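Please consult the sequence and the coordinates alongside the text.

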Amino acid sequence: MRCLILLLALAACDASAQSWPQKPVKVIVPFVPGGNTDNQARIVSERLNEALGQPFLVENKVGAGGAIAAEFVAKSAPDGYTLFFAASPQFSLPLVQKVNFDPYKDFVPISVVGTNAFVLGVHVSVPGSTLKEFVEYVKARPAQLNYASAGAGTTTHLTAALFLHRAELRMTHVPYKGGAQAVADLVGGQVQMYFGNASELIPHAKGGKIRLLGVSSAQRTPQLPEVPAIAETYAGFNTGTWNGFLAPTGTPQSIVDRLAQEVAKVVREPATAERLYKIGVEALGNTPAQFADSLRREAPIWRDAVKAAGITAE
C-alpha cells in the first residue's frame, strides 16, 4: 500500500512538472533595464518562451539594492509562475542593511545562468601598468585617492573593500547610484579606481580612457586572458557575481527541476552562450543542488568583505 501511495505521489509530481507552465511566467529582475542582470534575464527568457511554450515576462522591480524585488517574490505564491532572476548582491544585502526577507530561507535555488568576475579598472592618469605598481602608488598616498562603487554595500563596493584590505591600502569610497555613473566618473578622472563588469569597462579600455589591471575571480577570464587575476598577487582572492533563477520556497520540486533542466539546455546552446559571452558573462546552467552549494561557499567571502568595509546593517 505504501509503495502504491509513493508511486501515485511521484506520478502527480511528474504530471505537475509536465503541465507547467500553463500561463505566462513572471521573471522579476531587481535592477534597471539595460544592465548586466536585466540583459541576461531577457536573453534567457526569450529562449524559455520558445522552449516551454508560454511567455516568460521580465518585470523590473527596482529599489533598495534589490530588496523590493526580493520581498515581492518571497511573498508570491510558490506555484512556478513568479520567478526571481537574482544576483549575488541579494545574498549579501542582509549583511549591510535590514531587509524583510531571508535569502537562504525564502527562496529555492533553481539554476545559475552565468557568472562574471569584476574587473579592476583605473584612470589613465594613475601611473603604472601593473597591479603591483598601482598598489605601490596608492600606498604612497594614503587616503588621497578615490574609488567608486555602484552603491554602498553592493558587491562592487565589497570587492573593492576586500581588495584594499588585502593590499593594505587606504582610499576614499565614493558610492554612486549604479554602475553607469561610477564608470562615467572613472572615465572622467573624478575617481581613480572601480571594480566593474567587463562589459562596462572594456570599451573604455579600448578607447584608452582607463586601464584594466586585474580580475577578481580565482583565475583569468576568457574575455580578458591578458589581464591577471588578483589572486596571482594576493593568493585566495576570489569574488564575482552570478545571475540566476530562484523561486519562492515551497515551489514544487518537480517544477524547480524541470526549469533547471531547461535553463541548462538554453544557456549551453552555442548561440545563447555567445550572446552571454559578448556581455562578459560565462554561461553555466548548473543544478539546484550545485547552486545551493555555491551559495553556501560564497557566504563567508561576503561576510569578510563586509567586515573589511566596516559596514553594519541598520
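Two residues are said to touch, or to be in contact, when they have heavy atoms within 4.5 Å. The model is predicted, so local features need pLDDT of at least 70 and side-chain atom pairs count only at pLDDT 80 or more, whereas totals for chains, interfaces and linings use all residues. Residues are numbered from 1 along each chain as its sequence is written, and side-chain values use heavy atoms, with hydrogens and water left out.

Leaving aside residues up to four places away in sequence, M193 touches L120, G121, V122, F134, N146, Y147, A148, A160, F163, L164, M171 and L186. M193 also belongs to the largest nonpolar core, a set of 45 residues in which F84, F134, F163 and M193 touch the most other members. Such a core comprises buried Ala, Val, Leu, Ile, Met, Phe, Trp, Tyr and Cys residues joined through side-chain atoms within 4.5 Å; buried means under 20% relative accessible area, exposed over 50%, and partly exposed in between (1.4 Å probe, protein chains only). Helix α6 (residues 155-167) supplies the largest share of this core, 6 residues. Helices (H or I, at least four residues) and strands (E, at least two) are DSSP runs, numbered from the N terminus.

L164 lies in helix α6 and is buried because its relative accessible area is 7%. Beyond four places in sequence, L164 touches Y147, L169, M171 and M193.

P78, by contrast, is found in the loop between α3 (67-74) and β3 (82-87), and counts as partly exposed because its relative accessibility is 36%. P78 and G250 are 172 residues apart in sequence, yet their C-alpha atoms are 5.4 Å apart.
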